[in-house]
Amino acid sequence: MEPWSEYSRFIVALFAMLTPFAAIPIFLGLTEGRTDAERNRTAASAALTVFSVLAGSAFLGNAVLAIVGTSLDSFRVGGGIVLLLIALSMLNATVSAVKQTPTEADEAASRHAIGVVPLGLPLLAGPGSISAVIIETQRGSGWEHTAIIVGSILLVCLFIWLALRLAVPIGRMMGRTGLNIMNRLFGLLLAAVAVEIISTGLRNLFPGWLA
């Protein structure tokens, strides 16, 4: 197991990556004209999708790295770059093309199971959060470590579910400007986490150069 400070940092970083403040405007747009019950089902479906994808990544991380044939530090650098790209998009209050392309956004409008795609995957549980979970899982060993990782994912997913259920009053209270401000704040936090992940990977890959 790692120190508890590392797990708390992972929770904060994961929340920054999965921040529902970026998804609330999209959620409201895709569920416009639907009943409260339909919106609640969509919110539950999105949160369950995020949990399933990320928990699966935690258990299959070793297999993914073995199949790809890459080291953890190489994955750190690659995953960190993905996180940094997402963070830069958040600082501009836009949805990163890493998460969703314009073509996918147009197609999403015609989907019925929007809680699964595109809300759950890839808007919330995208390449960045999947990479972060795999990297964090590889930092420790033992069932206690994995259980804490899965519990952290569950905690963040519960908050996502609650935020999406309250998307209408949150959107009305904060407005688009308020949501954009929160999105930028979390983008700045995520950028710092991304740089830390990249620097750790580079130091381990090139210990003689970056001592």
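Guide: A salt bridge is a side-chain nitrogen of Lys or Arg within 4 Å of a carboxyl oxygen of Asp or Glu. Side chains of opposite charge can pair when their charged atoms come close. The structure holds four salt bridges. Before we look at some of them, two notes on the source. This is a predicted model, in which local features need pLDDT of at least 70 and side-chain atom pairs count only at pLDDT 80 or more, while totals for chains, interfaces and linings use all residues. Residues are numbered from 1 along each chain as its sequence is written, and side-chain values use heavy atoms, with hydrogens and water left out.

Now the setting. The protein chain has nine helices and zero strands. Helices (H or I, at least four residues) and strands (E, at least two) are DSSP runs, numbered from the N terminus. Of the 211 residues in the chain, 45% count as buried. Buried means under 20% relative accessible area, exposed means over 50%, and partly exposed is in between (1.4 Å probe, protein chains only). Contact means heavy atoms within 4.5 Å. Among contacts in the chain with a separation of 6 or more, 82% come from residues 24 or more positions apart.

Our part is helix α7. The helix covers residues 127–138, twelve residues. How far apart are its end C-alpha atoms? They are 17 Å apart. The expected span of a helix is 1.5 Å times one less than its number of residues.

Next, is α7 enclosed or open? Nine of its twelve residues are buried, so the helix is largely enclosed by the rest of the structure. The buried ones are G128, S129, S131, A132, V133, I134, I135, E136 and T137. What do they pack against? Their partners are α1 (4–17), α3 (36–68), α4 (72–91), α6 (115–124), α8 (143–165) and α9 (167–205).

Take S131 as one example. This residue sits in helix α7. S131 is buried, at a relative accessible area of 10%. Leaving out residues up to four places away in sequence, S131 touches F75 and G79. S131 and V82 are 49 residues apart in sequence, yet their C-alpha atoms are 8.5 Å apart in space.

Now go to E136, another buried residue of α7. Its relative accessibility is 7%. The side chains of E136 and R139 meet in a salt bridge, 3.7 Å from N to O. R139 counts as partly exposed, at 30% relative accessibility.

R139 has another partner. The side chains of R139 and E6 form a salt bridge too, at 3.0 Å, N to O. E6 lies in helix α1 and R139 in the loop between α7 and α8, so this pair ties together parts that are 133 residues apart in sequence. E6 counts as buried, at 19% relative accessibility.

Follow E6 onward to R9. Their side chains meet in a salt bridge of 3.2 Å, N to O. Both residues lie in helix α1, three residues apart, about one turn of the helix. R9 is partly exposed, with a relative accessible area of 40%.

E6, R9, E136 and R139 are linked in a network of salt bridges.
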